[in-house]
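Hi there,

Here is the structure we talked about passing along.

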There are 2 protein chains.
Amino acid sequence: MRIYIGLVHYPVYNKNYQRIASAITTLDLHDLARLAMTYHVKRFYVITPFEEQQRLARRVQTHWTKGFGAEYNRHRKEALELVEVVPSLDRAIKAITETEGEPPLLIATDASKRKMRSVSFEGARGIIRKRQAAILIFGTAWGLDEEVIASADYVLDPISGSGGYNHLSVRTAAAIILDRLARTPQ
Amino acid sequence: MRIYIGLVHYPVYNKNYQRIASAITTLDLHDLARLAMTYHVKRFYVITPFEEQQRLARRVQTHWTKGFGAEYNRHRKEALELVEVVPSLDRAIKAITETEGEPPLLIATDASKRKMRSVSFEGARGIIRKRQAAILIFGTAWGLDEEVIASADYVLDPISGSGGYNHLSVRTAAAIILDRLARTPQ
């Protein structure tokens, strides 16, 4: 698999559907890095345009990969090494293009079913298993800005559990999505 | 489905495999309550013997079900209403037995594969879909105490993603487990 993930802090919506930049939640970095390790994700991009927020994310990473944390918990070290802090989604795509020699497919995740370019879990799993390079992006706060959604090659269907409730945290949604798309058949 | 979940703060292990009681992480209450809503879990037991910790958990719940949070976010309200704070696993089992008219099966989750009473995801899914009342329990910190594991009817196989790394947070592990066991076939 040649799969990448991105956690987008800008542009996302707030509760009133205004475009904002959300703050880094350090727990999300840990949880998504550990998921990335579990599912052989090649790189986990933490996307925020604010330098202070970038510094915060890098400080967390350095603590666990080079500082006290690296000795304390090597499993955390391995996971946090997958993190790369970048100012924009474009920069993440550029970095992947350099590594892979071709631009990755952009697969956006969203809590609503889309009419255009929507892809089922089965469809997305097929794409990923064909070894197509792809980046799966997750929005923080109230979700990815429409402009980002519009730029995606595919928009993954929302998670349905066993009813209509669809209000998971980004951490747990990312866990379910990666498990459905990237786990090895058993 | 007649499925319940429990988040165990005692007895669990610390990093050195000593028996401890872990502190409540308020984010876990939110994440697991929202998962419980998504997968039609009947009740989410937060298990801690410490009164101060019980008060903290109840304060979070009250804020979101009756206080400011209830107005602010009704999806959160619905989810947090599933929470019940209890001092021990036995008390959770007793409450379920009263509701269901029979004791629930106790299914423990663990990061290692067990020789005794282990159950695959497929096996556990079968049990749950037969409408057998069951409680799935998740350990905080470094995992459930052996005594709790020994008292379980089944121990669920560990999550394998696509490799040997098996160090997820309890939030993301619970998400993956509920999705595998309790989602409606699509």
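This is a predicted model: local features need pLDDT of at least 70, side-chain atom pairs count only at pLDDT 80 or more; totals for chains, interfaces and linings use all residues.

Residues are numbered from 1 along each chain as its sequence is written, chains are lettered from A and ligands numbered from 1 in the order in which they are written, and side-chain values use heavy atoms, with hydrogens and water left out.

**The sheet of chain B**

Chain B has an open sheet of seven strands in the order 5-4-1-8-6-9-7, with parallel pairing. Strand 5 and strand 7 (118-119) of chain B are its edges, each pairing on one side only. A word on terms: helices (H or I, at least four residues) and strands (E, at least two) are DSSP runs numbered from the N terminus, and two strands pair if DSSP finds at least two bridges between them.

Strand 4 (residues 43-47) of chain B has four of its five residues buried. Here buried means under 20% relative accessible area, exposed means over 50%, and partly exposed is in between (1.4 Å probe, protein chains only). Strand 4 of chain B pairs in parallel with strand 1 (residues 3-8) of chain B over five bridges, and B:F44 is the bridge partner of B:I5. Strand 4 of chain B also runs parallel to strand 5 (residues 83-86) of chain B, joined by four bridges; there, B:Y45 stands opposite B:E84.

Strand 1 of chain B also pairs in the parallel sense with strand 8 (residues 134-139) of chain B, over six bridges, where B:Y4 stands opposite B:I135. Helix 1 (residues 26-38) of chain B packs on the sheet and touches strands 1, 4, 5 and 8 of chain B, its direction making about 160° with that of strand 4. Contact means heavy atoms within 4.5 Å; axes are lines fitted to C-alpha atoms (for helices, over the stretch in contact), and angles run from 0 to 180 degrees between N-to-C directions. Helix 8 (residues 170-182) of chain B lies across strand 1, strand 6 (105-109), strand 8 and strand 9 (154-156) of chain B, at about 155° to strand 8.

**Strand 8 in chain A**

In chain A, strand 8 (residues 134-139) has six of its six residues buried. Both of its faces are covered, with A:A134, A:L136 and A:F138 on one side and A:I135, A:I137 and A:G139 on the other. Strand 8 of chain A pairs in parallel with strand 1 (residues 3-8) of chain A over six bridges, with A:L7 opposite A:F138. Strand 6 (residues 105-109) of chain A is parallel to strand 8 of chain A too, over four bridges, and A:A108 stands opposite A:I137.

**Salt bridges**

Side chains of opposite charge can pair when their charged atoms come close. A salt bridge here is a side-chain nitrogen of Lys or Arg within 4 Å of a carboxyl oxygen of Asp or Glu, and the structure holds 28 of them over all chains.

Which residue forms a salt bridge with B:R19? The partner is B:D145, with the closest N and O atoms 2.7 Å apart. B:R19 lies in strand 3 (residues 19-20) of chain B and B:D145 in the loop between strand 8 and helix 7 (146-151) of chain B, so the pair ties together parts that are 126 residues apart in sequence. B:R19 is partly exposed at 44% relative accessible area, whereas B:D145 is buried at 2%.

B:D157 and B:K113 also meet in a salt bridge (2.9 Å, N to O). This pair links distant parts of the chain, 44 residues apart: B:D157 is in the loop between strand 9 and helix 8 of chain B, and B:K113 is in the loop between strand 6 and strand 7 of chain B. B:D157 is buried at 16% relative accessible area, while B:K113 is exposed at 54%.

In chain A, salt bridges that share partners join A:R2, A:K42, A:E100 and A:E102 into one network.

Best wishes
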